[in-house]
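Subject: Structure for you to look at

Dear colleague,

I am passing on the structure below, together with some notes on what was found in it.

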Number of protein chains: 2
Amino acid sequence: MISRTSSQATANSAGPSKGWRAPPNGRRCARCFPTSAACESSISVAASAGSAAGLLNTGAKEVLGLDLSEKMLARARAAGPDAGIVYERADLDELSLPPTAFDLAYSSLALHYVSDAARLFQTVHRCLVPGGHFVFSTEHPIYMAPTHPGWSVDAEGRKTWPVDRYLVEGPRKTDWLAKGVVKHHRTIGTTLNTLIRCGFTIEHVEEFRPTDAQIAAKPELAEELDRPMFLLVSARR
Amino acid sequence: MISRTSSQATANSAGPSKGWRAPPNGRRCARCFPTSAACESSISVAASAGSAAGLLNTGAKEVLGLDLSEKMLARARAAGPDAGIVYERADLDELSLPPTAFDLAYSSLALHYVSDAARLFQTVHRCLVPGGHFVFSTEHPIYMAPTHPGWSVDAEGRKTWPVDRYLVEGPRKTDWLAKGVVKHHRTIGTTLNTLIRCGFTIEHVEEFRPTDAQIAAKPELAEELDRPMFLLVSARR
């Protein structure tokens with residue numbers, strides 16, 4: 001069975017916001033993906049153009065790739081391969097999926113655009129088979145919380161990330177991709193407790209850190225050690 | 001069955017460090033405690049003097065209160081009530097406990113003094129009955145990470161918490177209680193993954209936020225919304 005990818009970010013487009021850097025490519029989520037599970041039928045929910053196709057590499061034979069943006073869907077279809085992948089347009093805030101249809105649901109850097117995480121997590125929980133996995137990445141709340149999400153330089157010339165309003169959950173307006181894009185700040189606790197209340201078991205929680213080899217190859221990544229940009233979670237139905 | 005509390009912090013004593021404030025008293029952990037479970041036999045591991053006695057209020061009939069500090073143990077014994085409580089001196093880094101002996105293990109603001117969390121979590125897991133609960137609070141990694149853990153004031157007069165080295169886990173030297181006290185910084189992900197690898201199921205993760213009523217009663221607590229000081233976790237064997 002197959003279903004959809006909705007990247008609300010890609011609905012609007014412009015330049016990167018202050019402090020943002022694209023993560024190193026490759027196996028950022030490697031430790032979050034189930035290794036032993038049979039994930040023949042997967043759903044890519046609001047991931048990038050290549051993510052649905054990438055799921056074929058995890059052993060999936062059928063993938064449903066969902067995205068809000070027709071442009072992203074067209075790009076994904078054009079990139080191929082399309083054998084085993086069906087792409088559909090979907091809005092994460094209104095998502096509806098067939099019950100017990102997938103072994104694996106995957107979402108990449110989109111959940112912070114979703115206002116009602118509980119509704120989405122319930123929808124994903126219901127679409128998975130018992131024992132099925134939900135793996136996702138989202139912007140890290142340390143990265144998203146600040147009123148001014150950019151580096152500060154302290155009296156000694158040290159760069160710091162000026163956290164405020166961490167415990168004030170709710171919308172954050174940024175100029176990422178387009179002016180005035182709204183993201184929804186949630187603490188790690190809220191994200192995990194919402195998953196647990198929806199019936200998920202937490203399997204792995206990763207605050208993304210570049211490896212020493214990645215930093216050696218690209219020294220500017222060293223600043224990523226100072227504050228995490230990404231949170232990755234693996235949960236089991 | 002009963003066991004011990006080791007508060008390594010209380011082994012040394014002095015004034016509070018910059019940015020620290022005692023949390024509002026009362027039910028800080030309320031959402032973390034199991035409400036339905038029968039916790040007749042509990043262990044208080046490295047909590048404050050009153051914590052072991054407080055466990056009697058959760059329904060425990062037998063409590064083992066452990067602390068590293070003889071002074072704290074003496075204070076706890078003097079405070080009473082002592083019916084049902086046995087106090088013992090113990091070092092969390094060398095703790096050994098009887099197997100499947102407790103329904104609930106509780107630790108308050110001590111785990112950040114423990115260098116080998118995996119060893120401690122394994123010991124606690126083993127001492128719990130199947131289905132037993134481990135509830136603990138620890139310093140929040142956002143609070144502990146910075147090179148200079150104190151408020152900064154930005155150009156607009158806004159207070160921010162200058163996070164750096166969040167992803168550099170390991171010792172942090174502070175002057176809390178005594179000069180040069182060593183705490184062990186771990187990300188939330190590391191703490192939770194270590195629990196999961198030891199066999200625990202994560203039940204609740206709370207990044208402590210004072211309530212609106214607490215802030216109304218004590219307006220200086222409002223700054224606690226800007227960055228969390230405490231992480232509270234409830235896990236089940």
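By what turn and what shift along the axis can chain A be laid on chain B? Bearing in mind that this is a predicted model, the answer is a turn of 180° with a shift of 0.0 Å along the axis, which leaves an RMSD of 0.0 Å. That is the relation of a two-fold axis. The two copies use the same surface, since 100% of the contact residues of chain A recur in chain B. Within chain A, the residue that comes closest to the rotation axis is A:Pro162, whose C-alpha lies at 2.4 Å.

If neighbours within four places in sequence are left aside, the contacts of B:Ala105 are B:Ile43, B:Val45, B:Val124, B:Cys127, B:Leu128 and B:Phe134.

A:Lys183 counts as buried because 23 other C-beta atoms lie within 10 Å, where 20 or more are needed. Not counting residues up to four places away in sequence, A:Lys183 touches A:His112, A:Tyr113, A:Glu139, A:Met144, A:Arg172 and A:Thr174. Although A:Lys183 and A:Ser115 are 68 residues apart in sequence, their C-alpha atoms are 8.0 Å apart in space.

Conventions: Residues numbered from 1 in each chain as written. Chains lettered and ligands numbered in written order. Predicted model: local features only at pLDDT ≥ 70, side-chain atom pairs only at ≥ 80, totals over all residues. Least-squares fit on C-alpha atoms with pLDDT ≥ 70 in both. Contact = placed C-beta atoms within 7 Å. Buried ≥ 20, exposed ≤ 12 C-beta atoms within 10 Å, placed from the backbone.
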